[in-house]
Amino acid sequence: YALWHRSESLSALGRHAEAEADAREALTVAGTVGHRGWTATAWRALGIALQEQQRLDEAAAAFGESARAAGETLTLFASWAAARCALVAVALGRLDDAARSVERALAVGPPLGHYEARWAQVELAAARGADDCTALAAAAWHRAGAGGHLASVARLAELAGRS
């Protein structure tokens, strides 16, 4: 659990090699104790570290593993995994895959998971040149800011034309 959080923090700080190492260690620990939640979050952390390094195919695979570990019952982690799958799919130009992942991310999990789901929804709208992109971005930006989801605020503000 601590390694997952540390890995995501290191990714946010741009310390990607350390983030990847911590995520891989978290995977080892989670596997050793057979903890599904920790496994899902360790895969998430690895995916984020790889995504930040622009290793997008590897990131997509890691987020897919996170989704598999989360299954149907760990809905927060399932929502996060689907949102991250969508973000990577958009970056890879796989917009139909992204759309399916956004739909999943928005359909499952508690509100905490939906910050990333809305972010992915806006990135998909931007990639498609959707007419409602600015409005979607503004709404997501407002909710992310109010909820403290700082990871998405700057990008959503940019897409909302408020940067």
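Predicted model: local features only at pLDDT ≥ 70, side-chain atom pairs only at ≥ 80, totals over all residues.
**View A. Helix 3 and helix 5, packed together.** Here helix 3 (residues 36–52) packs with helix 5 (residues 75–91) at an angle of about 20°, and their axes are 10 Å apart. An angle under 35 degrees counts as roughly parallel, so helix 3 and helix 5 are roughly parallel to each other. Helix 3 passes helix 5 in a left-handed crossing. On the helix 3 side, look for G37, A40, T41, R44, I48 and Q51; they meet F77, W80, R84, L87 and V88 of helix 5. Sorted by type, the residues of this contact come out as six nonpolar, three polar and two charged.

**View B. S66, a buried residue of helix 4.** S66 sits in helix 4, which covers residues 56–70. Because its relative accessibility is 2%, S66 counts as buried. Leaving aside neighbours within four places in sequence, S66 is in contact with A40, W43, R44, F77 and A81.

**View C. The largest nonpolar core and V122.** This core has 25 residues, and A120, V122 and L156 have the most contacts inside it. Helices 5, 6, 7, 8 and 9 each supply at least two of its residues, with helix 7 giving the largest share, seven residues. Zoom in on V122 and, neighbours within four places in sequence aside, you'll find it in contact with C133, L136, A137, A140, L156 and L159.

**View D. Another core, apart from the largest one.** This one has 24 residues, including W4, L46, F77 and C85.

Conventions: Residues numbered from 1 in each chain as written. Heavy atoms only, no water. Helix = DSSP H or I, 4+ residues; strand = E, 2+ residues; numbered from the N terminus. Buried < 20%, exposed > 50% of the residue type's maximum accessible area, 1.4 Å probe, protein only. Contact = heavy atoms within 4.5 Å. Axes fitted to C-alpha atoms, helices over the stretch in contact; angles between N-to-C directions. Parallel < 35°, antiparallel > 145°, perpendicular 65-115°, else oblique. Left-handed = near helix turned anticlockwise from the far one by under 90°. Nonpolar A, V, L, I, M, F, W, Y, C, P; charged D, E, K, R; others polar. Core = buried A, V, L, I, M, F, W, Y, C linked by side-chain atoms within 4.5 Å.
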